[in-house]
Amino acid sequence: MSNKNINIVIGGAAGQGLVTIGQLLSKAITRAGHHLLVTQRYMSRVRGGHNTYAIRMGEEKPLGGTESIDILAALNAETLDKHLEAVSEGGLVVAGADLDTEGLNALRIPYEELASKPLFHNTAMLGVLGRTVNLEPAILEELLRQTFGKKGDEVVEANLEVLRKAYAWVADQNHDFSRTLASSDPKGRMMLNGNEAIGLGALAAGCNFVSFYPMTPSTGVAMTLIAKGAPLGLQYEQVEDEIAAMNMALGASYAGARALVTTSGGGFALMEEAVSLAGVSETPIVCVVVQRPGPATGLPTRTEQADLNLVVHAGHGEFPRAVFAPATPEDCFYLTHRAFDLAETYQTPIFVLSEQYLADSYRDVAPFDLDDLPEVARPLLEWEGGEYKRYALTDDGISPRLIPGFSETLVRADSHEHEENSYITEDKAVRVAQNSKRLRKEAGLFEEVIGPDRYGADEPDALMVCWGPTLGACLEAMDRYEGDKSLAVLHFKQVYPLREEQFMDFLTSAGSVIAVEGNATAQFAQLIARDTGFVIKDRILRFDGRAMTWEYVLKGLSDIL
Amino acid sequence: MVSIEEYGEFKTAWCPGCGNFPILKSLKQALAERGLAPHDIIISSGIGQAAKLPHYMRCNMFNGLHGRSLPVAQGIKMANPQMHVLVTSGDGCSYGEGGNHFLSALRRNMDLTVLVHDNQIYGLTKGQASPTSARGHVTKAQPEGNRSDGFNPVSTAVAMKASFVARAFSGEPEHLVSVIKEAMAHKGFSLVDILQPCVSFNKVNTYAWYKERAYILKDHDPEDWAAAMTLSEEFGERIPLGVIYRADKPVFGHGGRLAELAYAKNDLKAVLQSYI
């Protein structure tokens, strides 16, 4: 058990309130100045099933989830059955007195004694957990006031009463869990998850349009934009299907909106035709794909990194694109902001490729610096350069993009091959000129590629290559590795296009190179092989629907090294 | 005053005698009579011969994908509510590939005008049945005759209480002009299903066939839904032309032009603050 963090797992059936307890506790932990990382596992059902909400709180920033549990909070017996094994030595079980915790280091909550109604049992659990990890009661009290304030003073007071009783009750108990963590930065950290951070990054980039069809685990992006953006003027629509979502967003973008669509793999498959439309019509669009395991419906609420191939190759024909893969909420924010700038500058679809684990993973995050963000490119509202040609042939492939309706100049977008003035053509020379023009934009996108980050030893014995949120598990595995090899991690937050000179030396100077990915076929390693010829043979792959953990990576390393 | 010449003259890929020509001319005429210049409108279209229409006139256009003209048009309208947005496309595009979009657009009721060139056949792919082909219609792809019932867009739209439902005929251009003008004047979603003979591939629903059956409505009250419902079912021996149904409904719409919308930094800072 690490002394720098505590892993609290709340388990129960959907509908029992574990997310409410988890979020309140997470928020209190953040406000108390601890670092935080949440991993949520849930099932595709509204009630019942077995779900967990894991909070890893730390003096240092936890990099990823962990499998060993320090405090297991059980809302039902199934939670004990499923997770007791993972409770670490000296770990604590917190459960209602009605559950069988015989022989365990347990706090058996007398719900009837602490709470007058079953409605308040979760507040009792919250109080017990809060006291156990030494949170100032005032922080939880304030949170309860904010949460239940709308329901009236009586409800607030009833909750506060249960909270106080729970705190007092824990103080009288004998249990073996006495670890406390120092708080590191008590002031002003946000608590948000990956989906929220993508939504905020979009708003910071001026995103003012979202069309979407609800699909787990991507829906939170649209929910964030609607909740926070609509009051500022953002337009939104929940449409009939993903096909409509993408086409509507392209229409809006053509007419001057800064548009985003969000979906997961299955929905994105439906959007693909319109991805090509964005490519040929040169209409900017930011497309957020939050991965879950497929094929088809797969494991709809779990996590995986298996849609890289889909996104990198999406659409028919050839046109430029870039694909970002955030590792953290900070990445989600800044990369989404950047995606808008690239989409606008290069007038082509740009992708943010997230996954369920990151989407639902709350973290403590320093407020984003809005003042330091670069300006996002803007289209033209007026044209003064003589005859306007929407698809003018230029050296860099970028044609002036004018928004229709702001002047008498006509703006015409087309899905067919077209002349510079947008008129439909089948002329072979025009086809070659236009297709080449579009592909010339790749050179600019290439110049702007964010190279991978490298952590650990120079010229290591073993280099782990990863992308997206798998980074945390790799870094922690590297820190905890006790063998005699030197290790390093190479992490890509932009996965397409790849710019060889940014990383080839790292690959060739490492003793062995290991791909660590959340899929079964090492899709990113294959992409590297395709684009560079460098073949990564060793692999640590996870595709059971669960997020990569440091334990999983360490086990993989021990098998390979 | 806007003259029809401002909309230009272009060489088309349409067959001589195609029912699309009178529609193009009537649309230009209607726009000119409404005083709308090429830069005042945006036409969204899908794929097919009808969907090429915006290529044959001066105007803003988004010529997108098969069946997807409606989502694009609605996105345009949401981004710029000040523009007059029209959709032109065929029966396959609007009622087949785009069927779900059609139903949703009727429900959503944005202020758009949709002109469907309905020739009851797939012309561009050389003569297969379309969603509006009648049961039994024989084609090379349906040698035993079409095995499905024809889709009736007018009765569907009336059944859903769409806010403006009309039928016109490209063989009655004067009437067509007046219907398009009325549709554009209507606040809300307006559908004009335009009967348009395909001279190359539809040997059943010809000019003569329509001429014999189509009649212009005189004493119909389009606000009488039950009467409209009955009328919308009339398609065979007699085919009514004109405004079948009209209703005042809430229009999906709002504020300003998104190209001009920029968030104040303080508003964004307050948004971030809400996560603390």
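## The interface between chains A and B

In this predicted model, chain B and chain A bury about 5000 Å² between them, and carbon and sulfur atoms give 63% of that area. Y263(B), Y275(B) and I276(B) are worth a look here: they supply 16% of the area that chain B buries against chain A, more than any other three residues. In terms of contacts, 66 residues of chain A meet 49 residues of chain B.

## Polar and charged links

Five salt bridges are counted between chain B and chain A. To pick out a pair, R68(B) forms a salt bridge with E273(A), with 3.8 Å between the closest N and O atoms.

Which elements of chain B supply the side that touches chain A? At least two residues each come from β2 (60–63), α2 (69–79), α4 (99–108) and α9 (265–273). The largest share, seven residues, is that of α2(B). Sorted by class, this side of chain B holds 27 nonpolar, 13 polar and nine charged residues.

## Nonpolar cores

Now to the cores. The largest nonpolar core has 96 residues, and V465(A), F492(A), L507(A), F524(A) and I528(A) have the most contacts inside it. Helix α9 of chain A (residues 242–254) gives the most to this core, contributing eight residues. A second, separate core has 50 residues, including A73(A), A124(A), L129(A) and M191(A).

For a view of one residue, take L507(A): setting aside neighbours within four places in sequence, L507(A) is in contact with L463(A), V465(A), L490(A), V513(A), I528(A) and F534(A).

Technical notes: Residues are numbered from 1 along each chain as its sequence is written. Chains are lettered from A and ligands numbered from 1 in the order in which they are written. This is a predicted model: local features need pLDDT of at least 70, side-chain atom pairs count only at pLDDT 80 or more; totals for chains, interfaces and linings use all residues. Side-chain values use heavy atoms; hydrogens and water are left out. A nonpolar core is a set of buried Ala, Val, Leu, Ile, Met, Phe, Trp, Tyr and Cys residues joined through side-chain atoms within 4.5 Å. Buried means under 20% relative accessible area, exposed over 50%, partly exposed in between (1.4 Å probe, protein chains only). Helices (H or I, at least four residues) and strands (E, at least two) are DSSP runs, numbered from the N terminus. Contact means heavy atoms within 4.5 Å. Buried area is the accessible area (1.4 Å probe) that two parts lose on being put together, summed over both. A salt bridge is a side-chain nitrogen of Lys or Arg within 4 Å of a carboxyl oxygen of Asp or Glu. Ala, Val, Leu, Ile, Met, Phe, Trp, Tyr, Cys and Pro count as nonpolar, Asp, Glu, Lys and Arg as charged, and the others, Gly among them, as polar.
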